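User: I would like to go through the packing of this protein with you. Could we start with the interior?
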Amino acid sequence: MKVTNIERTKWGSYEDRTNSYDDNTDIQIFCNMVKTNESLKNYLDSFLTETPDALRPKPHGDYGVDLGIVHNDELVATIDLERWSAWNPAWPDYYKFIHFLGRKEKFLEQSSRPFFLAALNYTRDKVLMISKDDIQKYPTKEKFFQAKNRSDMVRELPLSVGVLFGENITEKERSIFSL
């Protein structure tokens, strides 16, 4: 059985959100991470040809990407921000891959500019970054998720493509991700 829209909404909802699209606090926390974490800022800058001036929340409205990286008031890159409840506080043993959801494919195809998936852990003190270049190396396929007893279209990426930033990084996380 495939994941339904009702289930997506339920699984994307948290007690600190008014609905599954209300990720404003997550966006603020990520923006603060970029400002205060020089390694994260350098990672993003390494994909850009222009020096960014700002991060712009929801540059295409509530149902588009979550953040735009801006130079001279022009978008030069985009970011889709997720929060993974199972990553609380350390990476779960049963997460063997990073999954990029098929319904987010539109973000890869919108332009030639850089795109990133930014996945916050539940406590929002770590972020896993994956670039468009790395996401596109892997095909989209239907995947059955035993824990949810549902299937969904995803790109299944090896953990090694994720670049981890933040605080309280565990030894296990150091061994499976780039830092």
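User: Which residues have the most contacts inside the largest nonpolar core?
Analyst: This is a predicted model. In its largest nonpolar core, which has 22 residues, those with the most contacts are Phe30, Val127 and Met129.

User: And which elements each supply at least two residues of this core?
Analyst: Helices H2 (24-36) and H3 (38-45) do, as do strands E2 (67-71), E3, E5, E6 and E9 (163-166). H2 gives the largest share, five residues.

User: What is Val127 in contact with, leaving aside its neighbours within four places in sequence?
Analyst: Val127 is in contact with Phe30, Met33, Leu40 and Trp87, with Ala118, Ala119 and Leu120, and with Val163, Leu164 and Phe165.

User: Turning to E5, how many of its residues are buried?
Analyst: Seven of the seven residues in strand E5 (residues 115-121) are buried. Both faces are covered, with Phe115, Leu117, Ala119 and Asn121 on one side and Phe116, Ala118 and Leu120 on the other.

User: How many bridges join E3 to E5, and do they run parallel or antiparallel?
Analyst: E3 and E5 run parallel and are joined by seven bridges. Ile79, for instance, has Phe116 in E5 as its bridge partner.

User: What about E5 and E6: in which sense do they pair?
Analyst: E5 pairs with strand E6 (residues 126-131) in the antiparallel sense, over five bridges. Within E6, Met129 stands opposite Ala118. The two strands form a hairpin with four residues between them, and Arg124 in the turn has a positive phi of about 60°.

User: New topic: how many aromatic pairs does the structure hold?
Analyst: There are 13 aromatic pairs. In one of them, the ring centres of Trp91 and Tyr95 are 5.3 Å apart and the planes are at 85°, so this pair is edge-to-face.

User: Are those two residues buried or partly exposed?
Analyst: Trp91 counts as buried because its relative accessibility is 4%. Tyr95 counts as partly exposed because its value is 23%, and buried means under 20%.

User: Where does Phe177 come in?
Analyst: Phe177 forms an edge-to-face aromatic pair with Trp91, at 4.9 Å centre to centre and 85° between the planes. This pair links distant parts of the chain, 86 residues apart: Trp91 is in the loop between strand E3 (74-84) and strand E4 (97-101), and Phe177 is in the segment after helix H6 (171-176). Both Trp91 and Phe177 are buried.

User: Which residues do ring pairs link into a cluster?
Analyst: The cluster consists of Trp84, Trp87, Trp91, Tyr94, Tyr95 and Phe177, linked by ring pairs.

Notes:
Residues are numbered from 1 along each chain as its sequence is written. This is a predicted model: local features need pLDDT of at least 70, side-chain atom pairs count only at pLDDT 80 or more; totals for chains, interfaces and linings use all residues. Side-chain values use heavy atoms; hydrogens and water are left out. Rings of Phe, Tyr and Trp (its six-membered ring) pair if their centres lie within 6.5 Å; planes under 30 degrees apart count as stacked, over 60 as edge-to-face and the rest as tilted. Buried means under 20% relative accessible area, exposed over 50%, partly exposed in between (1.4 Å probe, protein chains only). Two strands pair if DSSP finds at least two bridges between them. A nonpolar core is a set of buried Ala, Val, Leu, Ile, Met, Phe, Trp, Tyr and Cys residues joined through side-chain atoms within 4.5 Å. Contact means heavy atoms within 4.5 Å.
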